[in-house]
Amino acid sequence: MANEASPSPCPAGDLLDYEGLGCEIPVEHINAYLCGPSLPTEKAVIVIHDIFGWQMPNTRYVVDMLAAKGYLAILPDFYKGQEPWKPSSDWSTFNEWLKTRDAKKTNKETDVVLKYLKEQHHVRKIGVIGFCWGGAAVHHLMSSYPDLKAGVSVYGVIRLEGDDCHLLNPTFFIFGEKDEVIPLDQVCILEQKLKEQCKVHFEVKIYPGQTHGFVHRKKEDMNPKDKPYIEEARKDMMDWLNRYV
């Protein structure tokens, strides 16, 4: 059960009651959720889940949203069958749990997903977006894979990213002004490192009044004051992908 004395460092937010329009598929040693557009496409986006895993309805909603915009979107299980974090889990054990799920050790899974997209779907341009833990993974992958033409790190946990800001292709960083998981001083340090090291286009944007998870863990109709920023961030995310993928 949850440990009330140890408050959640990463709240689940509003869980959607959403079944999804795509399907679950095996991709070598992992499973994935896949959704495609109505017409054939040569463009794909890899979506990287947060700590709550690849089956979280909110993240699958984003996959379907990308498919509706014309992308083949795939959400792999980067935890390789290991249990994701649960809102009911004991937060006092979180740091130990996190040690077994390193956002920088995602290359093997990325390799098989890239191979699958190229060989089975013949895509030519691939982008990547990720949320929270997945945002940190995006930072790592954009420093490692030239095949990824654009990245969007959505409140990627900065302390999990490391110090390498030598990004290979354009990357967009989304943060909330009131994010208790990622204080603004960390965002400022990240932006300074990017200015010093990064030779490609990047952008860091902070959305006023927003807390951790606002892009995919808040329901617009339950949070009317947040709705404009949720919509703005999603539009910004799509504009970035459309520009570079």
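Reader: Is Asp226 buried or exposed?
Author: Asp226 is buried, because its relative accessibility is 3% (buried means under 20% relative accessible area, exposed over 50%, partly exposed in between, with a 1.4 Å probe and protein chains only). This is a predicted model, where local features need pLDDT of at least 70, side-chain atom pairs count only at pLDDT 80 or more, and totals for chains, interfaces and linings use all residues. Residues are numbered from 1 along each chain as its sequence is written, and side-chain values use heavy atoms, with hydrogens and water left out.

Reader: Which residue forms a salt bridge with Asp226?
Author: Lys225 does, with the closest N and O atoms 3.4 Å apart. A salt bridge here is a side-chain nitrogen of Lys or Arg within 4 Å of a carboxyl oxygen of Asp or Glu. Lys225 is exposed, at a relative accessible area of 64%.

Reader: How many salt bridges by that rule?
Author: The count is 14 salt bridges. Lys205, Glu232 and Asp236 are linked in a network of them. Asp239 and Lys235 also pair, at 2.8 Å from N to O. These two are four residues apart in helix H6 (residues 227-244), so about one helical turn separates them. Helices (H or I, at least four residues) and strands (E, at least two) are DSSP runs, numbered from the N terminus.

Reader: And Lys99, what does it form a salt bridge with?
Author: With Glu96, at 2.9 Å between the closest N and O atoms. Both lie in helix H2 (residues 94-99), three residues apart, and both are exposed.

Reader: Next, the core. Which residues have the most contacts inside the largest one?
Author: Ile46, Ile51, Ile74, Leu117 and Ile129, in a nonpolar core of 85 residues. Such a core is a set of buried Ala, Val, Leu, Ile, Met, Phe, Trp, Tyr and Cys residues joined through side-chain atoms within 4.5 Å. Leaving aside neighbours within four places in sequence, the contacts of Ile74 include Ile25, Val45, Val113 and Leu117.

Reader: Why is H4 largely enclosed?
Author: Because 10 of the 10 residues of helix H4 (residues 133-142) are buried. Among them are Trp133, His139 and His140.

Reader: Backbone now. What is phi of Tyr155?
Author: Near 35°, a positive value in a residue other than glycine. Most residues other than glycine have a negative phi. Tyr155 is in the loop between strands S6 (148-154) and S7 (171-176), and is buried at 0% relative accessibility. Phi of Glu28 is also positive, near 50°.

Reader: Last one. Where does pLDDT stay under 50?
Author: Over residues 1-7. pLDDT is the predictor's confidence in each residue, from 0 to 100. Where it is low, the predicted coordinates should not be read in detail. The mean for the protein chain is 93, and 95% of its residues reach 70 or more.

Methods
Contact means heavy atoms within 4.5 Å.
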